[in-house]
Amino acid sequence: MPADDDLRPIACFEVVAASQHVSGLRHAVALPLVSGEAPAMPEVPATYPVIWLGNPEIRAAVRSVAGMEKGLPLHFLQSVAYFSRIEVDGTYALDLSWRPLPHRDPMRPKLEFVAIVADAAGKMVARMSSVLLVVPAVRGA
Amino acid sequence: MGLDLKPGDPLPVLPLAAVSREQVLAYVTCAGDDNPIHVDEAAAGAAGLAGLVLPGMLIAAQFPRLLQLWKRNIRLTDITVQFLAPLGIDQAFVVTGKVVAIDRNGAAAIVRMTARAGTANVAMAEARIVQE
C-alpha cells in the first residue's frame, strides 16, 4: 500500500448499507453460470462498499477532480481491505481523497481515489482504492 | 485450526454465461454506474471500444463469489483486482484461481484468481482469506 501523505482530501460523506440496496446488488452480481444456475451470494457482497462511489453526491465529487473532464473513466485497479464487517443497515462515514498517479500519456490521466470507511465510533471498517484511467473520446465517433 | 490449504491448491472453475443487456442495466442502475460505455454503443465506440463492455466491478464481484462457492468457512480480508482488458457483454467468461501462499501458520492464505474470456485474461485478482 503506498503512503497516503500526498492524498488530497475531497470530502467526507455519510453512507448507509441499506438492506434494499445490498439485496439489489446481491442479485445484480449473481450472474448465471453456463449451466443456468445462479448460486447465492453472501449477505453483503465483498465489493458492496465500492458502489457507494456511485452515490450521486459522491460521483459528482469524483467528477469535479482535475483530469476527470478529459474523457471517460476506465476502471484500472480496485482494492478493498476490510478491518471489520459491513453491517446491513449500518451507517458509515466515507472519507474520500484522491491523487494523480504517474502516467506516460498526459492525455490519459491516471487518478487514484481512496475512500476510508469508518463506523459511528470512528473505527476504520474498510479502505478502498480505485484507480481510473481517463480516456479521451475519439473525435467524430 | 488452520485453513488446511497449501500453495498450488486449485480453486474451482466458475463458468459464467454471456451477460444480457438487461443484467448489465440492472447492475448499473443498482450501482449508480452511469458510465455510458456499458449501455450506449456510440459512447463505447467513442472511447475506442469495439462494443458495450461489462462494468469492471461486475466482473470483480465474481472473485469473492468464487471464494464463497469454494469454501464457506473463510472470510475475505482484502482483495485487489486489476482490469486487464475490456470484456464485451456478449462474451462468456471463466473465473478460477489457485492458492499461492500461506501465512500465519496456515491461518491465512493468499489466492490468485483470473477472469478469462477465451484465451484472454480480462481481470486478475489477489485476495487474502482467513478462517471464519
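**Entry 1: strands 4 and 5 of chain B**

I looked up the bridge partner of Arg112(B) and found Glu126(B), which lies in strand 5 of chain B. I note that the model is a predicted one. I then examined the pairing as a whole: strand 4 of chain B and strand 5 (residues 120–131) of chain B run antiparallel and are joined by 10 bridges. The two strands form a hairpin with 2 residues between them. In its turn I recorded Gly118(B), with a positive phi of about 65°.

**Entry 2: strands 3 and 4 of chain B**

I turned next to strand 3 (residues 93–103) of chain B, which is antiparallel to strand 4 of chain B and linked to it by 9 bridges. Opposite Gly97(B) I found Met113(B), a residue of strand 4 of chain B. This hairpin has 4 residues between the strands, and I noted a positive phi near 50° for Arg104(B).

Is strand 4 of chain B enclosed or open? I counted buried residues at under 20% relative accessible area. Of the 10 residues in strand 4 (residues 108–117) of chain B, 8 are buried, so the strand is largely enclosed by the rest of the structure.

**Entry 3: helix 1 of chain B**

Which residues of helix 1 (residues 21–31) of chain B are buried? I listed Val24(B), Tyr27(B), Val28(B), Cys30(B) and Ala31(B).

After helix 1 of chain B comes Gly32(B), for which I recorded a positive phi near 70°.

**Entry 4: the largest pocket**

I finally inspected the largest pocket, which holds about 980 Å³ of space. It is lined by 46 residues, and those closest to its centre are Pro73(A), Leu74(A), His75(A), Leu132(A) and Asn35(B).

Which element gives the most to the lining of this pocket? I found that strand 2 of chain A does, with 6 residues. Among the elements that each supply at least two lining residues I noted helix 2 (56–63) and strand 5 (124–135) of chain A, as well as helix 1 and helix 3 of chain B. By residue type, I recorded the lining as 30 nonpolar, 10 polar and 6 charged.

Definitions and conventions:
Residues are numbered from 1 along each chain as its sequence is written. Chains are lettered from A and ligands numbered from 1 in the order in which they are written. This is a predicted model: local features need pLDDT of at least 70, side-chain atom pairs count only at pLDDT 80 or more; totals for chains, interfaces and linings use all residues. Side-chain values use heavy atoms; hydrogens and water are left out. Buried means under 20% relative accessible area, exposed over 50%, partly exposed in between (1.4 Å probe, protein chains only). Two strands pair if DSSP finds at least two bridges between them. On a 1 Å grid over the protein atoms alone, a cavity is a set of points where a 1.4 Å probe fits but cannot get out, and a pocket is an open set with protein on both sides within 12 Å along at least five of seven lines; lining residues have an atom within 4 Å of a point. Grid points are joined across faces, edges and corners, and a volume is the space filled by probe spheres set on the points. Ala, Val, Leu, Ile, Met, Phe, Trp, Tyr, Cys and Pro count as nonpolar, Asp, Glu, Lys and Arg as charged, and the others, Gly among them, as polar.
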